[in-house]
Amino acid sequence: MDGIPDVIAPGLRVLFCGINPGLMSAETGHHFARPGNRFWPAVHLSGFTPRQLHPSEQQELLTYRLGITNVVDRPSAKAAELSKAEFLAGGESLVKKVLDVQPEWLAVLGVTAYRDAFGDRTAAVGKQDRTIGATRVWVLPNPSGLNAHYTLPKLTEQFAELAQVS
């Protein structure tokens, strides 16, 4: 099973970066395809999109100057199945991708994934000091239904902070 294509183009306001595709996403070819994932509701409720998109409508994000990629391309049932080496290699690949399309913001969805990909052990959710070229970096909570620390309202609040500054 391979990864899934990025939803990406130059001139993006925000490039959202998931950890890696889940098995359902890999099967369907759509980012955040598992019904329990809160990415699509959070993107809408935070004001990034005027309505909640279905994963099959992911290309429509480009009309709102939004995109999606992943730190690691390899699909897995859980992010815990990924190695530190995969995260570091994914971080290097992500930097190249960001430098190529130059979004205003890179939003990494998962603080642990960000820490592992960029070797930043002290990173927390929110705006980071790091930039990649002119791209500013923001860390959002992982929207997976497995992330019980963040309810949809709390997740939406975090997404809304980025929506307000982007």
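Predicted model: local features only at pLDDT ≥ 70, side-chain atom pairs only at ≥ 80, totals over all residues.

Colleague: OK, and which residues of α4 itself are buried?
Modeller: The buried ones are Ala 113, Tyr 114, Asp 116, Ala 117 and Phe 118, and what covers them includes helix α3 together with the strands β3, β4 (126-132) and β5 (135-140).

Colleague: You mention α3, so at what angle do α3 and α4 pack?
Modeller: Helix α3, residues 84-101, and helix α4, residues 111-118, pack at an angle of about 80°, and their axes lie 7 Å apart. That angle makes α3 roughly perpendicular to α4.

Colleague: Which residues make that contact?
Modeller: From α3 the contact is made by Lys 84, Phe 87, Leu 88, Gly 91, Leu 94 and Val 95, while α4 brings in Ala 113, Asp 116, Ala 117 and Phe 118. Sorted by class, the contact has seven nonpolar residues, one polar residue and two charged residues.

Colleague: Changing topic to the strands, how many residues of β1 are buried?
Modeller: Strand β1, residues 14-18, is mostly covered, with five of its five residues buried. Val 14, Phe 16 and Gly 18 point one way from the strand, whereas Leu 15 and Cys 17 point the other way, and all of them are buried.

Colleague: And β1 and β2, do they run parallel or antiparallel?
Modeller: They run parallel, and five bridges join β1 to β2; Val 14, for instance, has Leu 66 as its bridge partner in β2. β1 also pairs with strand β3, residues 105-109, in the parallel sense over four bridges, and there Leu 15 stands opposite Leu 106.

Colleague: Is Thr 49 buried or exposed?
Modeller: Thr 49 has a relative accessible area of 5%, which means that this residue counts as buried, since the cut-off for buried is under 20%.

Colleague: What does Thr 49 have around it?
Modeller: Its side chain reaches the backbone oxygen of Arg 51 at 2.8 Å. If you leave aside the neighbours within four places in sequence, Thr 49 is in contact with Val 43, His 44, Leu 61, Tyr 64 and Leu 66, and Leu 66 is also the residue in β2 that is the bridge partner of Val 14.

How values were computed: Residues numbered from 1 in each chain as written. Heavy atoms only, no water. Buried < 20%, exposed > 50% of the residue type's maximum accessible area, 1.4 Å probe, protein only. Polar contact = N/O pair within 3.5 Å; in protein donor to acceptor, adjacent residues only side chain to side chain. Contact = heavy atoms within 4.5 Å. Axes fitted to C-alpha atoms, helices over the stretch in contact; angles between N-to-C directions. Helix = DSSP H or I, 4+ residues; strand = E, 2+ residues; numbered from the N terminus. Parallel < 35°, antiparallel > 145°, perpendicular 65-115°, else oblique. Nonpolar A, V, L, I, M, F, W, Y, C, P; charged D, E, K, R; others polar. Pairing = 2+ DSSP bridges.
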